[in-house]
Amino acid sequence: PRGRPENAYPRRRTPQRPWHEQRTDQVTIRIDHAEASSDFIAAADHLEFHDRRLWDLRCKRDRAVAAVPEWEQLRELASAIKEHTLSHLGEYLEQFERAATANGVTVHWARDAAEHNQVVHDIMAARGAKSLVKSKSMLTDECDMRPFLEQRGIAVIETDLGERIQQLDNEPPSHIVVPAVHKLRADVAEVFGRTLGTDPANHDVHYLAESQRRTTRPSFLSADAGMTGANFAVAETGAIVVCTNEGNADLSVHCPKLYIASVGIEKIIPRTEHLGVFVRMLSRSALGSPITQMTSHFRAPRPGTEMHIVLVDNHRSERLGMADFWTSLKCIRCGACMNTCPVYRRSGGLSYGATYSGPIGVIIDPAYDLRKYSALPFASTLNGSCTAVCPVKIDIHQQIYTWRRIVTERGALPFAKKQAMKMAGKLMASPRLFRAAVEAAGAGVEYLPRVMLYNRLNTWGKQREVPAAPQQTFRQWWLANRAKKGDAS
């Protein structure tokens, strides 16, 4: 649609497999989201806090949005800018490379995660760099960069508070914006006590934050290299823009003499003037705050230092060619869809088994590996709230529904779900059978022993009570109150 370039990645030299044939023959382990979420759901205090905390972010977002009368116009404009850029992505990427190179930046291209990691390693190895301070970056998590570098003798220190907590606890991030949101302050105190030597009984948030700051600050001064991701990359100027609330990105850039930025190719926007649209929307959507504490523009290396930018594809070009899913590349990683999603809020991000969780992960992850993530499109109620809050108007719930259809067509449904859907189809195709089943179900809920309702065959009964059956079905009420003679079919 809209004249997308056939080859958005200008340096690609080898043809790629069609997206519907991607890598499914190489994966044997599927992510069972329902099973993976069971431990989180069983921890009632964590579940209650997680749900309440994220819903609070959603409510703050709503209040912040209500204070901007032109919010819907901003959404339309942001969506249009992103769609235009994606439709001419190859041109803007090459423009960005020319501008950045003219600024004294060295630009690298990486087709996939393996190439990205190797590029970063080669840059550091050529300069004898053995330590890296890193600002928050979902792309480097997506590429599994940290273990790759650590296996080759390079120490990587996460400097974002949430990412540092997760690194010390040997866990991936569970949220795009607040990586450790699933942890209580007591959990953080335990992690810091075990790894940093702090008092594990001291749960005070100021004490915990100061402990992380105190133990991380020396790393900025001693590190051989610094790294950030990017929220936006401006084709016009060759600059990258990083939005943070902690200042750790600026320290990672300015303290070491070697700076590397990892940038997904979808982060490109055409001109600096477009930043005003996205910066106004990003923090309001994510946290309900008017703006991030720091919006930093990195354009050129300081005298005596080096700046490298790695532009990463990692199957984004393939997704750009998917007629039903290419608009997912508009995402600005605000996390608003996660904060509003009832499934994500009650299952935790780690249960998705991927870097990207929640509704945006549900539509991104199957594009990487359909077989592995075939269960994720069913981790949704399809209520549409994710689409309603998306600042760039991605039709998230429609894409989730489309993935369900594709999973079914590709034969990737689990056997039990396939059989259940087949039975449901036959049942709903027959009004007589459907009415009988509804009435029988109502009687069953009221009179059957619990063991017959809450067992392995009834997945709905695993984590919730089956609601009490009403005294009448709608059809029974209709026949008694509204139906005319002869209209009892």
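Arginine 346 is partly exposed, at 38% relative accessibility (buried means under 20% relative accessible area, exposed over 50%, and partly exposed in between, with a 1.4 Å probe and protein chains only). Its salt-bridge partner is aspartate 51, with the closest N and O atoms 3.4 Å apart; a salt bridge is defined as a side-chain nitrogen of Lys or Arg within 4 Å of a carboxyl oxygen of Asp or Glu. The pair links distant parts of the chain, since arginine 346 lies in helix H16 (residues 342-347) and aspartate 51 in helix H3 (residues 44-66), 295 residues apart. Aspartate 51 has a relative accessible area of 17% and is therefore buried. Helices (H or I, at least four residues) and strands (E, at least two) are DSSP runs, numbered from the N terminus.

A further pair, glutamate 142 in helix H7 (residues 138-142) and arginine 316 in helix H14 (residues 316-320), also connects distant parts of the chain, 174 residues apart. Their side chains meet in a salt bridge of 2.9 Å, N to O. Glutamate 142 is buried because its relative accessible area is 12%, and arginine 316 counts as buried at 2%.

## Basis of the model

The structure is a predicted model, in which local features need pLDDT of at least 70 and side-chain atom pairs count only at pLDDT 80 or more, while totals for chains, interfaces and linings use all residues. Residues are numbered from 1 along each chain as its sequence is written, and side-chain values use heavy atoms, with hydrogens and water left out.

## A local pair and a network

Under the stated rule, the count of salt bridges comes to 26. One of them joins arginine 213 to glutamate 210, with the closest N and O atoms 2.5 Å apart. These two residues are three positions apart in helix H11 (residues 205-222), so about one helical turn separates them. Arginine 213 is partly exposed at 38% relative accessibility, as is glutamate 210 with a relative accessible area of 39%.

A network of salt bridges links Asp169, Glu171, Lys183, Glu190 and Arg194.

## Nonpolar cores

A nonpolar core is a set of buried Ala, Val, Leu, Ile, Met, Phe, Trp, Tyr and Cys residues joined through side-chain atoms within 4.5 Å. The largest such core has 59 residues, of which Phe232, Phe278, Ile363 and Ile396 touch the most other members. A second, separate core of 28 residues includes Leu93, Val107, Val263 and Phe298.

Contact means heavy atoms within 4.5 Å. With residues up to four places away in sequence not counted, isoleucine 363 touches Ser328, Ile394, Ile396, Gln399, Ile400 and Trp403.

## Mixed sheet

Four strands form an open sheet with mixed pairing, in the order S8-S5-S6-S9; two strands pair if DSSP finds at least two bridges between them. Strand S8 (268-269) and strand S9 (294-298) are the edge strands, each pairing on one side only. Strand S6 (residues 239-244) runs antiparallel to S9, and five bridges join them. Histidine 297 in S9 is the bridge partner of valine 241.

## Loop between H19 and H20

Alanine 412 is located in the loop between helix H19 (396-409) and H20. Alanine 412 has a relative accessible area of 7% and is therefore buried. Apart from neighbours within four places in sequence, alanine 412 is in contact with Arg30, Ser374 and Val407.
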